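This report describes a metal site and a sheet. The model comes first.

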Amino acid sequence: MEIKVLPLGLIAANCYMISSNEAAIVIDPGKYSPLVAEFLIQNKPKERAILLTHSHFDHICGAKQLRDETASDIIVSKKDEEGLFNTYLSLSDQFHAKQTPFHADKTVIDGEFINIGDLKIKCIETPGHTPGSMCFLIGNELFSGDTLFSGSIGRTDFPGSNHFEMLSSLKKLSAFSKTINVYPGHGESTTIGEELLSNPYFSEI
Ligand SMILES: [Zn+2]
């Protein structure tokens, strides 16, 4: 499995492009980029999908055009689906972002597995930043959206945010193997072990 990262948009949200023998997945295309479309088009014989960790504008605004151009399904947590067409919940109103409303092709719930080609993806609901924030675990790689960053966590002062739920979500992640690599929605990648040692928010749980 190969992972490439491309920060996109004003707030530099990390868009991940993941490829394996039989799958090509894009996580969080926050802004349309021809490079990301090209990635999915080049991998066309493989099974493809667009996964969204949550429905804030800086993680979703490229998804619709990407789907239109590549015929890949958009997958998001059931509890965050509304933000795809509600510009208050997606923060597009607050940040004056241009968001064309759209719907997901599939919604997922906590504990569900998605099979894309040869990749098995576990959906782990981690509410707090948004009600339906989802981490996606593929093998030893965790895509954590705006739940967990290197040395920090996502904000919990947005519509639908809840700091206590965030702490519960961090507790959930603290039980994961220390060796798991973490790929956040913003900033550098890290590991669960590193965050348990140095992320101050883990001392709150
Ligand atoms: Zn966010």
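Asp146 is buried (under 20% relative accessible area, against over 50% for exposed and in between for partly exposed, with a 1.4 Å probe and protein chains only), at a relative accessible area of 5%. His54 is also buried, with a value of 0%.

The model is predicted: local features need pLDDT of at least 70, side-chain atom pairs count only at pLDDT 80 or more, and totals for chains, interfaces and linings use all residues. Residues are numbered from 1 along each chain as its sequence is written, and side-chain values use heavy atoms, with hydrogens and water left out.

## Zinc site

The zinc ion has as protein donors (N, O and S atoms within 2.8 Å of the metal, or 3.2 Å for Na, K and Ca; water is not among the atoms, so sites may look incomplete) His54 (NE2), His56 (ND1), His129 (NE2) and Asp146 (OD), at 2.2 to 2.4 Å. Their spacing along the chain is H-x1-H-x72-H-x16-D. His54 lies in the loop between strand E4 (47-52) and helix H2 (57-60), and Asp146 in the loop between strand E10 (141-145) and strand E11 (148-149), so the pair ties together parts 92 residues apart in sequence. Helices (H or I, at least four residues) and strands (E, at least two) are DSSP runs, numbered from the N terminus.

The angles among the 4 donor atoms are 85 to 170°, and the site is irregular. Four donors count as tetrahedral if all angles lie between 85 and 135 degrees; four count as square planar and six as octahedral if opposite donors are over 155 degrees apart and all others between 65 and 115; anything else is irregular.

## Sheet

An open sheet of 6 strands has the order E7-E8-E9-E10-E13-E14, with mixed pairing. Strand E7 (113-116) and strand E14 (190-191) are the edges, each pairing on one side only; pairing requires at least two bridges found by DSSP. Strand E13 (residues 181-184) runs antiparallel to E14, joined by 2 bridges, and Val182 stands opposite Thr190 in E14.
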